[in-house]
Amino acid sequence: MRKINELFFLIIVFVLSACATKVNFPVSTIVPAADISAKIEKKSNNYIVDILATSLASPERLSPPSNFYVVWVVTDAGSVRNLGQLTTNRNGSNTLKTIVPYAFNQIIITSEVESDVQFPSSSEITRINVRLK
């Protein structure tokens with residue numbers, strides 16, 4: 001019976017992990033201490049994007065200073081879309097969890113003076129290519 005329970009547990013873990021893609025962003029030259037990762041999960045025709053950044057310096061401390069870290073995606077059609085800003089939690093980590101209704105192949109994080117900008121500035125913190133399942 002114990003072996004059956006262990007096998008069942010392993011199958012559940014495998015199924016749950018197969019549904020999500022986790023990516024680690026490369027080390028940023030602007031904020032090298034930052035550890036940034038994203039978990040992307042497909043639900044129906046949407047993608048749930050959950051970004052976690054730890055040890056990310058406050059945007060006001062950058063040169064030039066900014067007010068926000070903004071997350072972008074590059075769609076498969078080539079357009080760039082603003083997903084929103086990273087928010088700081090009580091524990092000091094920065095997060096963004098959002099739903100994206102279209103396929104994309106890159107995630108970009110920039111520092112911006114305004115959070116509702118339509119195009120990313122040249123202050124790119126990091127970017128990563130993604131392959132969606």
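Student: Where does S44 lie?

Tutor: S44 is in the loop between β2 (35-43) and β3. Keep in mind that this is a predicted model.

Student: What is the phi of S44?

Tutor: Positive, about 55 degrees, although S44 is not a glycine.

Student: Is S44 buried or exposed?

Tutor: S44 counts as exposed, because its relative accessibility is 64% and the cut-off for exposed is over 50%.

Student: OK, on to S55. What is its phi?

Tutor: For S55, phi is also positive, at about 55 degrees, and S55 is not a glycine either.

Student: And which loop is S55 in?

Tutor: S55 sits in the loop between β3 and β4.

Student: Buried or exposed, for S55?

Tutor: S55 has 52% relative accessibility, so S55 counts as exposed. The cut-off is over 50%.

Student: Staying with the backbone, which residues does the cis peptide bond join?

Tutor: The cis bond joins S63 and P64, with omega at about 0 degrees.

Student: Where is P64 placed?

Tutor: P64 is in the loop between β3 (46-54) and β4 (68-75). S55 is found in that loop too.

Student: Changing topic: which residues form the positive surface patch?

Tutor: Four lysines make up the patch: K22, K39, K43 and K97.

Student: Take K22. Which strand holds it?

Tutor: K22 belongs to strand β1, residues 20-24.

Student: How much relative accessible area does K22 have?

Tutor: K22 has 60%, so K22 is exposed.

Key
Residues are numbered from 1 along each chain as its sequence is written. This is a predicted model: local features need pLDDT of at least 70, side-chain atom pairs count only at pLDDT 80 or more; totals for chains, interfaces and linings use all residues. Side-chain values use heavy atoms; hydrogens and water are left out. Helices (H or I, at least four residues) and strands (E, at least two) are DSSP runs, numbered from the N terminus. Buried means under 20% relative accessible area, exposed over 50%, partly exposed in between (1.4 Å probe, protein chains only). Patches are made of residues with over 30% relative accessible area and no salt bridge: like charges are joined within 9 Å, nonpolar side chains (Val, Leu, Ile, Met, Phe, Trp, Tyr) within 5 Å. Accessible areas come from the Shrake-Rupley method with a 1.4 Å probe; for residues, only the protein chains shown count as cover. A salt bridge is a side-chain nitrogen of Lys or Arg within 4 Å of a carboxyl oxygen of Asp or Glu. Lys and Arg count as positive and Asp and Glu as negative; His and the chain ends are not counted. The place of a charge is taken as NZ of Lys, CZ of Arg, CG of Asp or CD of Glu.
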